[in-house]
Amino acid sequence: FPDGCVCVQLHGMSDSPLPAAEALVLLLTALGLPPDRIPVDPAAREAVYRSTLANRRALVVLDDAADETQTRPLLPDAEGSFVLVTSRRPLAGLEGVRRIRLGGLSGGESARLLERILGAPRTDGQPEAITRLTELCGHLPLALRIVGNRLSSRPGWTPARLVGQLADEERRLSGLVAGDLA
């Protein structure tokens, strides 16, 4: 993508997803359009966005899309550009897209992710606890990131201690919180 890569966080899973019109402002600014040349009218904004990408080969990343209504205005018409949309929903209403469903990580990948977050001194000698944490997280990257962040922010905690807290299935989700990650 010689003409660049732009990314916008759409906050689709939050209580207030980013409106498409606001996302267009962020994308146009990232693509180099001066703020005073960005139209106020959402339809005009879409047109400027599409014409800006018309002769470019760029990657547009739309992360955490809420739904098709939020996403559709952000899809360029240009064939040279590529759009990667992430969402926890299938966005079945989008036409002409290739869907790739991502599953959880393997056990080894999950353990390596935790080791990278925590560092070897925190994980060495505790393979059973690390394996159990990855299982309790369902090998899901976000859950593993949360567990890693929780342990990183609490140097006195061992992985085994967090295993004990997450082992109760009825309370597990309340334990998978680290700051604004949940």
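1. Apart from neighbours within four places in sequence, T123 is in contact (heavy atoms within 4.5 Å) with L114, E115, L118 and I130. T123 sits in helix α5, residues 120-123; helices are DSSP runs of H or I with at least four residues, strands are E runs of at least two, and both are numbered from the N terminus. T123 is buried, at a relative accessible area of 6%; buried means under 20% (1.4 Å probe, protein chains only).

2. This is a predicted model, in which local features need pLDDT of at least 70 and side-chain atom pairs count only at pLDDT 80 or more, while totals for chains, interfaces and linings use all residues. Residues are numbered from 1 along each chain as its sequence is written, and side-chain values use heavy atoms, without hydrogens and water.

3. Three strands make an open sheet, ordered β1-β2-β3, with parallel pairing. Its edge strands, β1 (5-9) and β3 (82-85), each pair on one side only. Two strands pair if DSSP finds at least two bridges between them; β2 (residues 59-63) and β3 have four. V61 stands opposite L84 in β3. Helix α1 (residues 20-30) packs on the sheet and touches β1 and β2.

4. How do α7 and α8 pack? Helix α7 (residues 141-152) and helix α8 (residues 159-166) pack at about 125°, with axes 10 Å apart. Axes are lines fitted to C-alpha atoms, for helices over the stretch in contact, and angles run from 0 to 180 degrees between N-to-C directions. The contact involves V147, R150 and L151 of α7 and P159, L162, Q165 and L166 of α8.

Note on methods
Buried < 20%, exposed > 50% of the residue type's maximum accessible area, 1.4 Å probe, protein only.
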